[in-house]
Amino acid sequence: MSRIRPHRPLRSPLLALVLLAGLGAQLPARADIYLCVDASGRKELTDNPKPGCKQLDVPNNIPAPSGRKSSGPAKPVTTPTDFPKVGDSEQRARDSDRRQILNDELRAEEKKLAELKREYNKGEPERQGNEKNYAKYEERVKSMAENIARAEKNIEALRREISNIK
């Protein structure tokens with residue numbers, strides 16, 4: 001009979017680093033890496049140098065970008081002169097179409113909410129034949145409540161979007 005050994009983490013962080021390098025992994029940014037060996041012989045990789053640590057030369061490091069320097073307030077963005085423009089009448093037609101689409105979605109969502117609330121029956125929906133286990137029933141009731149909350153949020157978002165149309 002074979003004996004199953006418990007999983008042991010890699011004892012050598014350096015080995016883990018070599019394995020990662022061998023798999024083609026690249027570090028996202030450059031950082032100095034130090035190998036430290038404590039009194040009991042355990043090895044530790046760190047980015048904070050300590051006395052007695054040796055800096056490692058790791059290939060494929062990508063230097064980290066330097067911090068951005070702000071040169072004052074941001075300049076306003078100007079639209080190029082050759083940028084296509086939409087006429088007022090065309091924009092009104094687009095807004096009207098958008099409003100109509102959002103109103104249709106709102107009506108559909110309100111209808112869906114009314115149906116969900118009817119089925120939910122104030123937190124006591126009718127039990128189904130496959131719900132002999134009370135936990136299944138509770139799970140369905142919880143799901144129904146989540147669906148009602150989601151529909152209410154959708155209605156709120158649609159109303160907000162409609163009110164933003166000029």
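How many aromatic pairs does the count come to? Let's start there, and keep in mind that what you see above is a predicted model. The count comes to one aromatic pair. Its members are Tyr 134 and Tyr 137, with ring centres 5.6 Å apart and ring planes at 35°, so we call the pair tilted. That label follows because stacked rings would need planes under 30 degrees apart, and edge-to-face rings over 60.

Where do these two tyrosines sit? Both are in helix H3, three residues apart, and that separates them by about one helical turn. Now for their surroundings. Is Tyr 137 buried or exposed? Tyr 137 has 9% relative accessibility, so it counts as buried. Tyr 134, on the other hand, is partly exposed, at 44% relative accessible area.

Ten residues make it up, among them Leu 102, Leu 113, Leu 116, Ile 148, Ala 151 and Ile 162. Which elements give two or more residues to this core? They are helix H2, residues 88–120, and helix H3, residues 134–164. Of the elements, H3 gives the most, with five residues.

Setting aside neighbours within four places in sequence, Leu 116 is in contact with Asn 147, Ile 148 and Ala 151. Two of those names, Ile 148 and Ala 151, belong to the core list as well.

Next, find Gln 100, which is placed in helix H2. Gln 100 is partly exposed, with 42% relative accessible area. Along the chain, Gln 100 and Ile 162 are 62 residues apart, yet their C-alpha atoms are separated by 9.2 Å.

My last stop is the disulfide. Searching the whole structure turns up one. It joins Cys 36 and Cys 53, whose sulfur atoms are 1.9 Å apart. Cys 36 lies in strand S1, residues 33–37, while Cys 53 lies in the loop between strand S2 (43–46) and strand S3 (54–56), so the pair ties together parts that are 17 residues apart in sequence. What about its handedness? The torsion about the S-S bond is about 110°, so this disulfide is right-handed. And Cys 36 counts as buried, because its relative accessibility is 7%, where the cut-off for buried is under 20%.

Terms used: Residues are numbered from 1 along each chain as its sequence is written. This is a predicted model: local features need pLDDT of at least 70, side-chain atom pairs count only at pLDDT 80 or more; totals for chains, interfaces and linings use all residues. Side-chain values use heavy atoms; hydrogens and water are left out. A disulfide is a pair of cysteine sulfur atoms within 2.5 Å. Helices (H or I, at least four residues) and strands (E, at least two) are DSSP runs, numbered from the N terminus. Buried means under 20% relative accessible area, exposed over 50%, partly exposed in between (1.4 Å probe, protein chains only). A nonpolar core is a set of buried Ala, Val, Leu, Ile, Met, Phe, Trp, Tyr and Cys residues joined through side-chain atoms within 4.5 Å. Contact means heavy atoms within 4.5 Å. Rings of Phe, Tyr and Trp (its six-membered ring) pair if their centres lie within 6.5 Å; planes under 30 degrees apart count as stacked, over 60 as edge-to-face and the rest as tilted.
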